[in-house]
Amino acid sequence: MLTTTLESYLDDRISELTLEVRLEMLKKIGSPDSELRDTFIYGSFAKMIFSNQLNAEEIQSLLNVVIQEDYLFYGLGESGTDSVFTRSFSALVIAAIIEYDLEKNVVESELVKQTVHNVIHYMMEEKDARGFIEGKGWAHAIAHGADALDAVAKHPKLKQEDISRILQAIQHCLYQQVDYLDEEEERLAIIIASLLKHQNAEKDIQTWIEEVNVSVDSQLERANWSIGAYHTQRTVKNFLKSVYVMLNSKEVGAESNKAIFAVLEKWMYLR
């Protein structure tokens, strides 16, 4: 039984997993059984990756699988169905591989490029914003997608033109007019800190913050302060508060944080 095998692996009673077991893990990566999916399958993938049990070819092979149609894009566009678990936990495995590659540099440039493209596309198209689902555990598609987006945002092979596309994906998530309940805004905020720290993106982010400010204000004015436009502003405001604290804590992006504070000061009626 897969659960028994993975439990033994995570408890160090067996030292490695066979190819057959790994393939079964992939088949069941989106299981609605939260313990199997989250604790055992994802936990085992993370252990294999970060304990150097996969060689460069195996790492790239795994990444090439989980960025594809039957995994990251499985049922993309659906909402309220169990397909979300396959997409969301594929995104977590992508994040783990890219984080690993930041130190090991084993993923070829073309595959990094494809991963960046696919993760951004995923975040632009994901419609299921549920966090915790009673009886089935964490879906957290937006948060897990943000983790993958954060990982690629740190990557030294990220192209300059990808920065604006990442910012567009973040903005898309913030404008969905959903009530994020499980700290999705904070997971999205981390990406901004990573872009500033790893990609010298200060000017891009300052420009983007001003564009978001103008865009949200325009939405409110056009919609005559409708509840939908108000909720968008609230979500963006919560996001900017998180970014502000993170940038202060990490001591990066001083100029961007000045721009963020100016927006918050206005929206919170502090001036």
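**A walk through the fold**

Of the 271 residues in the protein chain, 50% are buried, where buried stands for under 20% relative accessible area, exposed for over 50% and partly exposed for in between, with a 1.4 Å probe and protein chains only. Keep in mind that this is a predicted model, where local features need pLDDT of at least 70, side-chain atom pairs count only at pLDDT 80 or more, and totals for chains, interfaces and linings use all residues. Residues are numbered from 1 along each chain as its sequence is written, and side-chain values use heavy atoms, leaving out hydrogens and water.

Now for the overall build. The protein chain has 12 helices and 2 strands, taken as DSSP runs numbered from the N terminus (helices: H or I, at least four residues; strands: E, at least two). Starting at the N terminus, the order is α-α-α-α-α-α-β-β-α-α-α-α-α-α. Along its principal axes, the C-alpha trace spans about 60 × 40 × 30 Å.

How do the parts of the chain meet? Take contacts, meaning heavy atoms within 4.5 Å: among those with a separation of 6 or more, 72% are between residues 24 or more positions apart.

A nonpolar surface patch of about 510 Å² is made by W225, I227, Y230 and Y269. Patch residues have over 30% relative accessible area and no salt bridge; like charges are joined within 9 Å, nonpolar side chains (Val, Leu, Ile, Met, Phe, Trp, Tyr) within 5 Å. A salt bridge puts a side-chain nitrogen of Lys or Arg within 4 Å of a carboxyl oxygen of Asp or Glu. Y230 sits in helix 11 (residues 227-250), and Y230 is partly exposed, at 35% relative accessible area.

Key. Accessible areas come from the Shrake-Rupley method with a 1.4 Å probe; for residues, only the protein chains shown count as cover.
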